[in-house]
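Reader: Hi! I'm new to this one, could you walk me through it?
Author: Happy to, let's take a look together.

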Amino acid sequence: MMTDPQYPPATARHGRPAPPVTATERRQANARPARNILAIVGLLLGAAALGVTFVPDLEFVAWPLGGIGLVLAIAGLVKVKKGTAGDPVLAITATVVTAASLLTAGGMLLYSTFFGNSESGLHLPAVAGDKHTVTFQITSAGGATVRYGSLNDQRTENAPASTDAWEGQASYNNGSYLLTLTADTRNATVSNEISCAILVDGKKVAENSGTTIALCTANVG
């Protein structure tokens with residue numbers, strides 16, 4: 001039966017020699033901690049979360065990426081404290097980056113909610129300088145009640161009795177919207193030919209007609 005070779009004892013303390021160190025104990029003492037995979041993955045997820053925070057229509061992805069990354073980074077820190085993994089600087093960096101990504105996503109959400117109205121959203125009436133213009137058109141010889149805008153924001157006006165088209169204006173910079181335009185006759189006893197149309201940047205994206213009501217819808221963005 002093989003046994004570990006004995007090495008010279010360490011310096012004696014208080015007159016008593018220290019126990020000999022075996023080869024197994026020496027290998028364990030000199031062994032490097034394992035690579036901190038959790039911290040590496042957490043750092044990558046945190047960096048990805050920071051990147052998508054500033055991408056329109058993808059900013060919501062930052063929340064799951066940053067959340068999972070933060071959990072993994074903290075787990076990596078725990079492994080460092082237990083001595084089962086190395087790279088303490090990497091683990092700390094991953095924790096900071098993932099936390100920063102969540103804070104940034106939260107800040108962008110607050111900004112867009114309270115201060116970003118000029119940058120996003122459908123503007124009724126139109127705002128000068130927006131990238132895209134929307135024109136709502138109604139033609140009704142007998143007049144009509146008009147409702148126009150998006151599902152989340154609508155205006156109501158009366159189109160006069162005229163063969164000329166009534167127009168409502170809106171604008172937006174970015175985002176996706178379901179535009180709606182409805183016109184119904186104010187006098188149900190009178191036959192009234194009504195037509196509707198929605199134009200985005202001068203291009204017609206929806207049109208319809210009816211005798212008492214007309215409805216136009218269009219997805220844009």
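Reader: How many salt bridges are there?
Author: The count comes to 3 salt bridges, where a salt bridge is a side-chain nitrogen of Lys or Arg within 4 Å of a carboxyl oxygen of Asp or Glu. Keep in mind that this is a predicted model, where local features need pLDDT of at least 70, side-chain atom pairs count only at pLDDT 80 or more, and totals for chains, interfaces and linings use all residues. Residues are numbered from 1 along each chain as its sequence is written, and side-chain values use heavy atoms, with hydrogens and water left out.

Reader: Thanks! What does Arg147 pair with?
Author: Arg147 meets Asp184 in a salt bridge, at 3.0 Å from N to O. Arg147 lies in strand 2 (residues 144-150) and Asp184 in strand 5 (residues 177-185), so the pair ties together parts that are 37 residues apart in sequence. Helices (H or I, at least four residues) and strands (E, at least two) are DSSP runs, numbered from the N terminus.

Reader: Which other residues form salt bridges?
Author: Asp153 forms one with Arg155, with the closest N and O atoms 2.4 Å apart. Lys204 forms another with Glu207, and there the closest N and O atoms are 3.4 Å apart. Lys204 is partly exposed at 47% relative accessibility, while Glu207 is exposed at 58%.

Reader: Switching topic, how many disulfides does the structure hold?
Author: It holds 1 disulfide, meaning a pair of cysteine sulfur atoms within 2.5 Å. The partners are Cys196 and Cys216, with their sulfur atoms 2.1 Å apart. This pair links distant parts of the chain, 20 residues apart: Cys196 is in strand 6 (residues 194-200) and Cys216 in strand 8 (residues 213-220).

Reader: Why is that disulfide right-handed?
Author: The torsion about the S-S bond of Cys196 and Cys216 is about 90°, so the disulfide is right-handed. Cys196 is buried, with a relative accessible area of 4%, and Cys216 is buried at 2%.

Note on methods. Buried < 20%, exposed > 50% of the residue type's maximum accessible area, 1.4 Å probe, protein only.
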